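Dear colleague,

Please find below the structure that I am handing over to you. The notes after it set out what was found.

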Amino acid sequence: MLSSCVRPVPTTVRFVDSLICNSSRSFMDLKALLSSLNDFASLSFAESWDNVGLLVEPSPPHTVNTLFLTNDLTEEVMEEVLQKKADLILSYHPPIFRPMKRITWNTWKERLVIRALENRVGIYSPHTAYDAAPQGVNNWLAKGLGACTSRPIHPSKAPNYPTEGNHRVEFNVNHTQDLDKVMSAVKGIDGVSVTSFSARTGNEEQTRINLNCTQKALMQVVDFLSRNKQLYQKTEILSLEKPLLLHTGMGRLCTLDESVCLATMIDRIKRHLKLSHIRLALGVGRTLESQVKVVALCAGSGSSVLQGVEADLYLTGEMSHHDILDAASQGINVIVCEHSNTERGFLSDLRDMLGSHLENKINIILSETDRDPLQVV
(Lines give C-alpha, C1' and ligand atoms only; values in the text may rest on other atoms or scores of the structure.)
Protein backbone atom coordinates (compact mmCIF):
# COMPACT_ATOMS: atom_id res chain seq x y z
CA MET A 1 0.00 0.00 0.00
CA LEU A 2 2.79 2.39 0.89
CA SER A 3 4.58 1.94 -2.40
CA SER A 4 1.39 2.43 -4.41
CA CYS A 5 0.75 5.70 -2.57
CA VAL A 6 4.27 6.97 -3.27
CA ARG A 7 4.39 6.15 -6.97
CA PRO A 8 2.16 9.01 -8.18
CA VAL A 9 4.31 11.62 -6.42
CA PRO A 10 6.91 12.11 -9.21
CA THR A 11 4.06 12.65 -11.70
CA THR A 12 2.57 15.32 -9.45
CA VAL A 13 5.96 16.99 -9.06
CA ARG A 14 6.53 17.03 -12.81
CA PHE A 15 3.09 18.59 -13.33
CA VAL A 16 3.83 21.33 -10.79
CA ASP A 17 7.22 21.98 -12.42
CA SER A 18 5.49 22.28 -15.77
CA LEU A 19 3.06 24.84 -14.40
CA ILE A 20 5.90 26.84 -12.92
CA CYS A 21 7.85 26.80 -16.20
CA ASN A 22 4.82 27.85 -18.25
CA SER A 23 4.03 30.62 -15.78
CA SER A 24 7.61 31.89 -15.88
CA ARG A 25 7.44 32.21 -19.66
CA SER A 26 4.05 33.95 -19.77
CA PHE A 27 5.05 37.54 -19.12
CA MET A 28 7.27 40.27 -20.53
CA ASP A 29 8.69 43.43 -19.05
CA LEU A 30 6.74 46.41 -20.41
CA LYS A 31 9.81 48.11 -21.87
CA ALA A 32 10.86 44.92 -23.66
CA LEU A 33 7.34 44.45 -24.99
CA LEU A 34 7.19 48.02 -26.29
CA SER A 35 10.50 47.47 -28.08
CA SER A 36 9.13 44.29 -29.70
CA LEU A 37 5.94 46.07 -30.74
CA ASN A 38 8.00 48.78 -32.40
CA ASP A 39 10.03 46.11 -34.20
CA PHE A 40 6.76 44.66 -35.48
CA ALA A 41 5.57 48.02 -36.87
CA SER A 42 7.63 51.12 -36.23
CA LEU A 43 5.83 54.09 -34.71
CA SER A 44 7.82 56.20 -37.16
CA PHE A 45 5.29 55.07 -39.80
CA ALA A 46 2.56 57.09 -38.03
CA GLU A 47 1.31 60.41 -39.34
CA SER A 48 2.82 63.50 -37.70
CA TRP A 49 -0.55 64.63 -36.31
CA ASP A 50 -1.26 61.31 -34.62
CA ASN A 51 -0.85 60.40 -30.94
CA VAL A 52 0.73 56.95 -30.89
CA GLY A 53 2.80 54.80 -28.57
CA LEU A 54 2.52 54.31 -24.82
CA LEU A 55 -0.21 56.68 -23.59
CA VAL A 56 -0.67 55.45 -20.01
CA GLU A 57 2.13 53.81 -18.02
CA PRO A 58 1.79 52.29 -14.55
CA SER A 59 4.71 53.00 -12.23
CA PRO A 60 7.68 50.76 -13.11
CA PRO A 61 8.54 47.99 -13.01
CA HIS A 62 5.53 46.73 -14.91
CA THR A 63 5.25 43.23 -16.34
CA VAL A 64 2.69 42.13 -18.90
CA ASN A 65 1.07 38.73 -18.74
CA THR A 66 -2.00 39.52 -20.86
CA LEU A 67 -2.19 41.91 -23.82
CA PHE A 68 -5.74 43.02 -24.64
CA LEU A 69 -6.59 44.07 -28.23
CA THR A 70 -9.41 46.46 -29.05
CA ASN A 71 -10.26 48.86 -31.85
CA ASP A 72 -11.75 51.47 -29.48
CA LEU A 73 -11.29 51.77 -25.74
CA THR A 74 -14.68 52.65 -24.29
CA GLU A 75 -15.84 52.38 -20.68
CA GLU A 76 -17.62 49.14 -21.54
CA VAL A 77 -14.41 47.75 -23.00
CA MET A 78 -12.47 48.90 -19.93
CA GLU A 79 -14.82 46.83 -17.74
CA GLU A 80 -13.95 43.82 -19.88
CA VAL A 81 -10.23 44.60 -19.56
CA LEU A 82 -10.45 44.61 -15.77
CA GLN A 83 -12.57 41.46 -15.63
CA LYS A 84 -10.00 39.63 -17.75
CA LYS A 85 -7.12 41.03 -15.68
CA ALA A 86 -5.17 42.38 -18.64
CA ASP A 87 -1.93 44.26 -17.99
CA LEU A 88 -1.66 46.23 -21.24
CA ILE A 89 -4.33 47.45 -23.64
CA LEU A 90 -3.45 47.81 -27.31
CA SER A 91 -6.16 50.19 -28.51
CA TYR A 92 -5.90 50.78 -32.25
CA HIS A 93 -7.50 54.22 -31.88
CA PRO A 94 -5.78 56.40 -29.25
CA PRO A 95 -8.20 57.08 -26.38
CA ILE A 96 -6.11 60.13 -25.54
CA PHE A 97 -5.81 62.41 -28.55
CA ARG A 98 -6.40 66.02 -27.53
CA PRO A 99 -4.39 67.32 -24.55
CA MET A 100 -6.00 66.81 -21.13
CA LYS A 101 -5.79 69.74 -18.71
CA ARG A 102 -7.02 67.70 -15.75
CA ILE A 103 -7.77 64.10 -14.80
CA THR A 104 -11.11 64.01 -12.99
CA TRP A 105 -14.19 61.81 -12.94
CA ASN A 106 -16.15 64.25 -15.14
CA THR A 107 -15.53 62.86 -18.64
CA TRP A 108 -15.37 59.29 -19.90
CA LYS A 109 -11.85 59.60 -21.32
CA GLU A 110 -10.52 60.96 -18.03
CA ARG A 111 -12.22 58.08 -16.23
CA LEU A 112 -10.44 55.63 -18.54
CA VAL A 113 -7.08 57.05 -17.49
CA ILE A 114 -8.01 56.94 -13.80
CA ARG A 115 -9.21 53.35 -13.94
CA ALA A 116 -6.17 52.25 -15.92
CA LEU A 117 -3.75 53.75 -13.41
CA GLU A 118 -5.70 52.55 -10.37
CA ASN A 119 -5.59 48.99 -11.73
CA ARG A 120 -2.02 49.15 -13.10
CA VAL A 121 -3.05 48.72 -16.72
CA GLY A 122 -1.01 50.35 -19.48
CA ILE A 123 -2.52 51.78 -22.66
CA TYR A 124 -0.72 51.66 -26.01
CA SER A 125 -1.98 52.87 -29.37
CA PRO A 126 -0.40 52.28 -32.82
CA HIS A 127 -3.17 53.83 -35.00
CA THR A 128 -1.73 55.20 -38.27
CA ALA A 129 1.51 53.26 -37.78
CA TYR A 130 -0.59 50.13 -38.35
CA ASP A 131 -2.39 51.80 -41.26
CA ALA A 132 0.92 52.31 -43.04
CA ALA A 133 2.68 49.06 -42.11
CA PRO A 134 3.14 46.47 -44.88
CA GLN A 135 1.32 43.86 -42.76
CA GLY A 136 -1.15 46.37 -41.36
CA VAL A 137 -4.80 47.39 -41.53
CA ASN A 138 -4.96 48.46 -45.18
CA ASN A 139 -3.27 45.30 -46.37
CA TRP A 140 -5.82 43.28 -44.39
CA LEU A 141 -8.66 45.28 -45.98
CA ALA A 142 -7.24 44.58 -49.45
CA LYS A 143 -7.40 40.83 -48.79
CA GLY A 144 -11.17 40.99 -49.16
CA LEU A 145 -11.01 42.14 -52.78
CA GLY A 146 -9.69 38.93 -54.30
CA ALA A 147 -6.35 38.27 -55.97
CA CYS A 148 -4.66 41.58 -56.71
CA THR A 149 -1.43 43.55 -56.62
CA SER A 150 -1.32 46.63 -54.41
CA ARG A 151 0.86 49.57 -53.54
CA PRO A 152 0.51 52.44 -51.06
CA ILE A 153 -1.33 55.49 -52.35
CA HIS A 154 0.89 57.77 -50.28
CA PRO A 155 4.19 55.95 -49.59
CA SER A 156 5.90 56.52 -46.25
CA LYS A 157 9.39 57.96 -46.03
CA ALA A 158 12.21 56.32 -44.12
CA PRO A 159 12.68 57.77 -40.62
CA ASN A 160 16.30 58.69 -41.35
CA TYR A 161 18.37 60.05 -44.20
CA PRO A 162 20.58 57.46 -45.91
CA THR A 163 23.68 59.52 -45.04
CA GLU A 164 24.61 61.98 -42.33
CA GLY A 165 22.82 65.27 -42.81
CA ASN A 166 19.94 66.44 -44.98
CA HIS A 167 21.89 68.64 -47.38
CA ARG A 168 24.69 68.03 -49.84
CA VAL A 169 27.20 70.62 -51.03
CA GLU A 170 29.29 69.84 -54.14
CA PHE A 171 32.09 71.93 -55.63
CA ASN A 172 35.37 71.63 -57.53
CA VAL A 173 38.84 72.58 -56.25
CA ASN A 174 41.66 73.27 -58.71
CA HIS A 175 44.97 73.20 -56.90
CA THR A 176 46.52 70.85 -54.36
CA GLN A 177 47.35 73.64 -51.92
CA ASP A 178 43.75 74.89 -52.13
CA LEU A 179 42.47 71.33 -51.61
CA ASP A 180 44.43 70.95 -48.38
CA LYS A 181 43.01 74.20 -47.01
CA VAL A 182 39.43 73.31 -47.97
CA MET A 183 39.60 69.77 -46.60
CA SER A 184 41.12 70.96 -43.34
CA ALA A 185 38.37 73.56 -42.90
CA VAL A 186 35.33 71.39 -43.72
CA LYS A 187 36.55 68.40 -41.71
CA GLY A 188 36.68 70.68 -38.68
CA ILE A 189 32.93 71.37 -38.88
CA ASP A 190 30.69 69.10 -36.79
CA GLY A 191 27.93 67.40 -38.74
CA VAL A 192 29.83 67.15 -42.04
CA SER A 193 30.92 63.97 -43.84
CA VAL A 194 33.35 64.41 -46.72
CA THR A 195 34.04 62.43 -49.88
CA SER A 196 36.15 63.43 -52.86
CA PHE A 197 37.07 62.13 -56.30
CA SER A 198 39.04 63.24 -59.34
CA ALA A 199 37.24 65.28 -61.99
CA ARG A 200 38.26 66.91 -65.27
CA THR A 201 37.06 70.22 -66.63
CA GLY A 202 38.33 70.66 -70.15
CA ASN A 203 42.04 69.85 -69.96
CA GLU A 204 42.32 70.70 -66.28
CA GLU A 205 42.48 68.10 -63.50
CA GLN A 206 40.32 69.01 -60.51
CA THR A 207 38.97 67.44 -57.33
CA ARG A 208 35.23 67.21 -56.78
CA ILE A 209 34.25 67.58 -53.11
CA ASN A 210 30.97 66.19 -51.75
CA LEU A 211 29.84 67.31 -48.29
CA ASN A 212 26.82 65.80 -46.55
CA CYS A 213 25.73 68.35 -43.93
CA THR A 214 23.22 68.85 -41.19
CA GLN A 215 21.21 72.09 -41.35
CA LYS A 216 23.47 73.72 -38.76
CA ALA A 217 26.66 72.54 -40.49
CA LEU A 218 25.39 73.79 -43.87
CA MET A 219 25.38 77.37 -42.57
CA GLN A 220 29.01 77.05 -41.49
CA VAL A 221 30.03 75.48 -44.82
CA VAL A 222 28.33 78.25 -46.80
CA ASP A 223 29.98 80.85 -44.58
CA PHE A 224 33.43 79.34 -45.24
CA LEU A 225 32.86 79.13 -48.99
CA SER A 226 31.52 82.68 -49.21
CA ARG A 227 34.74 83.94 -47.60
CA ASN A 228 37.00 81.84 -49.85
CA LYS A 229 35.48 82.10 -53.31
CA GLN A 230 38.87 81.87 -54.98
CA LEU A 231 39.32 78.29 -53.76
CA TYR A 232 36.43 76.58 -55.56
CA GLN A 233 34.05 76.60 -58.53
CA LYS A 234 30.97 74.82 -59.92
CA THR A 235 29.06 74.75 -56.63
CA GLU A 236 25.74 72.99 -56.06
CA ILE A 237 23.69 72.83 -52.86
CA LEU A 238 21.14 70.02 -52.78
CA SER A 239 18.36 69.31 -50.31
CA LEU A 240 18.25 65.56 -49.68
CA GLU A 241 14.99 63.61 -49.38
CA LYS A 242 14.38 60.66 -47.11
CA PRO A 243 13.91 57.55 -49.30
CA LEU A 244 10.42 56.10 -49.81
CA LEU A 245 9.69 52.78 -48.14
CA LEU A 246 8.53 49.85 -50.24
CA HIS A 247 4.99 48.57 -49.44
CA THR A 248 4.63 51.08 -46.58
CA GLY A 249 2.27 54.05 -46.51
CA MET A 250 -1.30 55.31 -46.37
CA GLY A 251 -4.08 53.68 -48.36
CA ARG A 252 -3.70 51.03 -51.04
CA LEU A 253 -4.22 51.14 -54.80
CA CYS A 254 -5.20 47.61 -55.77
CA THR A 255 -5.31 46.19 -59.29
CA LEU A 256 -7.29 42.98 -59.53
CA ASP A 257 -5.83 40.06 -61.44
CA GLU A 258 -9.24 39.73 -63.11
CA SER A 259 -11.92 42.39 -63.24
CA VAL A 260 -15.31 41.61 -61.69
CA CYS A 261 -18.70 43.29 -61.76
CA LEU A 262 -19.51 45.71 -58.97
CA ALA A 263 -22.18 43.39 -57.53
CA THR A 264 -19.57 40.64 -57.08
CA MET A 265 -17.17 43.07 -55.41
CA ILE A 266 -19.90 44.17 -53.01
CA ASP A 267 -20.48 40.54 -52.00
CA ARG A 268 -16.76 40.01 -51.41
CA ILE A 269 -16.48 43.10 -49.22
CA LYS A 270 -19.54 42.17 -47.15
CA ARG A 271 -18.17 38.69 -46.61
CA HIS A 272 -14.71 39.95 -45.63
CA LEU A 273 -16.06 42.54 -43.19
CA LYS A 274 -18.87 40.25 -41.96
CA LEU A 275 -21.49 42.90 -42.70
CA SER A 276 -25.01 42.39 -43.96
CA HIS A 277 -25.26 45.96 -45.27
CA ILE A 278 -22.91 48.58 -46.67
CA ARG A 279 -23.52 51.98 -48.25
CA LEU A 280 -22.99 52.45 -51.98
CA ALA A 281 -22.81 55.52 -54.19
CA LEU A 282 -22.87 54.58 -57.87
CA GLY A 283 -20.56 56.60 -60.09
CA VAL A 284 -22.25 58.54 -62.88
CA GLY A 285 -23.04 56.13 -65.72
CA ARG A 286 -22.26 53.05 -63.61
CA THR A 287 -24.47 50.11 -62.64
CA LEU A 288 -24.10 47.01 -60.49
CA GLU A 289 -22.94 45.21 -63.63
CA SER A 290 -20.13 47.69 -64.31
CA GLN A 291 -16.68 46.18 -64.22
CA VAL A 292 -14.21 46.85 -61.40
CA LYS A 293 -10.50 46.46 -62.07
CA VAL A 294 -8.84 49.08 -59.85
CA VAL A 295 -9.84 49.71 -56.23
CA ALA A 296 -8.47 52.54 -54.08
CA LEU A 297 -9.03 51.88 -50.39
CA CYS A 298 -8.34 53.42 -47.03
CA ALA A 299 -9.44 51.94 -43.72
CA GLY A 300 -11.24 54.36 -41.42
CA SER A 301 -11.73 57.84 -42.86
CA GLY A 302 -10.54 57.94 -46.44
CA SER A 303 -11.43 61.35 -47.86
CA SER A 304 -7.98 62.94 -47.75
CA VAL A 305 -6.12 59.78 -48.79
CA LEU A 306 -8.40 58.87 -51.72
CA GLN A 307 -8.93 62.36 -53.09
CA GLY A 308 -7.92 62.60 -56.75
CA VAL A 309 -6.95 58.92 -57.09
CA GLU A 310 -8.00 57.29 -60.37
CA ALA A 311 -9.92 54.06 -59.72
CA ASP A 312 -13.15 52.22 -60.51
CA LEU A 313 -14.07 52.00 -56.83
CA TYR A 314 -13.27 53.76 -53.57
CA LEU A 315 -13.58 51.61 -50.43
CA THR A 316 -13.40 53.22 -47.00
CA GLY A 317 -15.14 53.51 -43.66
CA GLU A 318 -16.42 57.03 -44.08
CA MET A 319 -16.22 59.96 -46.50
CA SER A 320 -17.78 63.39 -46.42
CA HIS A 321 -20.95 63.97 -48.42
CA HIS A 322 -19.24 66.37 -50.83
CA ASP A 323 -16.22 64.13 -51.41
CA ILE A 324 -18.60 61.30 -52.34
CA LEU A 325 -20.38 63.62 -54.78
CA ASP A 326 -17.05 64.60 -56.34
CA ALA A 327 -15.99 60.96 -56.78
CA ALA A 328 -19.35 59.86 -58.20
CA SER A 329 -19.30 62.76 -60.70
CA GLN A 330 -16.09 61.26 -62.13
CA GLY A 331 -17.72 57.84 -62.57
CA ILE A 332 -16.07 56.37 -59.46
CA ASN A 333 -18.20 54.07 -57.32
CA VAL A 334 -17.90 54.62 -53.57
CA ILE A 335 -18.48 52.07 -50.80
CA VAL A 336 -18.51 53.19 -47.15
CA CYS A 337 -18.91 50.68 -44.34
CA GLU A 338 -18.73 52.86 -41.17
CA HIS A 339 -15.38 53.89 -39.78
CA SER A 340 -14.28 51.06 -37.51
CA ASN A 341 -15.94 48.28 -39.54
CA THR A 342 -13.05 48.63 -41.99
CA GLU A 343 -10.50 48.22 -39.18
CA ARG A 344 -11.76 45.90 -36.45
CA GLY A 345 -11.44 42.62 -38.36
CA PHE A 346 -7.70 43.22 -38.62
CA LEU A 347 -7.33 42.54 -34.90
CA SER A 348 -7.83 38.79 -35.38
CA ASP A 349 -4.92 38.72 -37.82
CA LEU A 350 -2.94 40.96 -35.48
CA ARG A 351 -3.41 38.55 -32.58
CA ASP A 352 -1.88 35.73 -34.63
CA MET A 353 0.96 37.85 -36.00
CA LEU A 354 1.88 39.25 -32.60
CA GLY A 355 1.70 35.79 -31.04
CA SER A 356 4.31 34.61 -33.51
CA HIS A 357 6.39 37.80 -33.27
CA LEU A 358 6.45 37.67 -29.48
CA GLU A 359 7.12 33.91 -29.51
CA ASN A 360 3.96 33.29 -27.47
CA LYS A 361 5.60 34.74 -24.37
CA ILE A 362 2.36 36.45 -23.29
CA ASN A 363 -1.37 35.87 -23.60
CA ILE A 364 -3.08 37.92 -26.30
CA ILE A 365 -6.86 38.29 -26.22
CA LEU A 366 -9.45 40.12 -28.32
CA SER A 367 -12.20 42.31 -26.93
CA GLU A 368 -15.66 40.78 -27.10
CA THR A 369 -17.50 44.04 -26.37
CA ASP A 370 -15.75 46.39 -28.82
CA ARG A 371 -18.04 47.37 -31.72
CA ASP A 372 -18.77 50.22 -34.10
CA PRO A 373 -21.06 52.75 -32.40
CA LEU A 374 -23.31 52.99 -35.48
CA GLN A 375 -25.74 50.29 -36.50
CA VAL A 376 -28.43 49.92 -39.13
CA VAL A 377 -31.91 49.80 -37.57
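A polar contact is a pair of N or O atoms within 3.5 Å; within protein, one atom must be able to donate a hydrogen and the other to accept it, and residues adjacent in sequence count only if both atoms are side-chain atoms. One such case involves Thr70, where a polar atom of the side chain lies 2.8 Å from the backbone oxygen of Asp72.

Please note that this is a predicted model, in which local features need pLDDT of at least 70 and side-chain atom pairs count only at pLDDT 80 or more, while totals for chains, interfaces and linings use all residues. Residues are numbered from 1 along each chain as its sequence is written, and side-chain values use heavy atoms, with hydrogens and water left out.

The chain as a whole

The chain has 13 helices and 19 strands; helices (H or I, at least four residues) and strands (E, at least two) are DSSP runs, numbered from the N terminus. Its radius of gyration is 29 Å, whereas a compact globule of 377 residues would have one near 21 Å. That radius is taken over C-alpha atoms, and the globule rule is 2.2 Å times the number of residues to the power 0.38. Along the principal axes, the C-alpha atoms fill a box of roughly 100 × 75 × 50 Å.

Of the 377 residues, 47% are buried; buried means under 20% relative accessible area, exposed over 50%, and partly exposed in between, with a 1.4 Å probe and protein chains only. Among contacts (heavy atoms within 4.5 Å) between residues at least 6 apart in sequence, 73% join residues at least 24 apart.

Thr70 and its surroundings

Thr70 belongs to strand E4 (residues 66-70). With a relative accessible area of 0%, Thr70 is buried. Not counting residues up to four places away in sequence, Thr70 touches Val77, Ile89, Leu90, Ser91, Tyr92, Leu347, Ser367 and Asp370. One of these, Tyr92, is 22 residues from Thr70 in sequence and 6.4 Å away in space, C-alpha to C-alpha.

Helices H3 and H13

Helix H3 (residues 30-40) and helix H13 (residues 346-357) have axes that come within 11 Å and cross at roughly 115 degrees. Axes are lines fitted to C-alpha atoms, for helices over the stretch in contact, and angles run from 0 to 180 degrees between N-to-C directions. At the contact, Ser36, Leu37, Asp39 and Phe40 in H3 meet Leu350, Met353, Leu354 and His357 in H13. By class, this contact of H3 with H13 has five nonpolar, two polar and one charged residues. Here Ala, Val, Leu, Ile, Met, Phe, Trp, Tyr, Cys and Pro count as nonpolar, Asp, Glu, Lys and Arg as charged, and the others, Gly among them, as polar.

Lys31 is also found in H3. The side chains of Lys31 and Glu57 are joined by a polar contact of 3.2 Å. By contrast, Lys31 and Ser259 are 47 Å apart in space, C-alpha to C-alpha, and 228 residues apart in sequence.

Backbone features in the loops

Most residues other than glycine have a negative phi, and most peptide bonds are trans.

The peptide bond from Pro60 to Pro61 is cis, with omega near 0 degrees. Pro61 is placed in the loop between strand E2 (53-56) and strand E3 (63-64).

Glu338, in the loop between strand E18 (333-336) and H13, has a positive phi, near 80 degrees. Glu338 counts as buried because its relative accessibility is 18%. Leaving out residues up to four places away in sequence, Glu338 touches Arg279, Gly317, Asp372 and Leu374.

Asn360 also has a positive phi, of about 55 degrees, although it is not a glycine. Its place is in the loop between H13 and strand E19 (363-366), and Asn360 is exposed, with a relative accessible area of 65%.

Thr163

Thr163 is found in the loop between strand E8 (154-157) and strand E9 (167-173). Thr163 is partly exposed, at 31% relative accessible area. Leaving aside neighbours within four places in sequence, Thr163 is in contact with Asn212 and Leu240. Thr163 and Ala327 are 164 residues apart in sequence and 41 Å apart in space, C-alpha to C-alpha.

Yours sincerely
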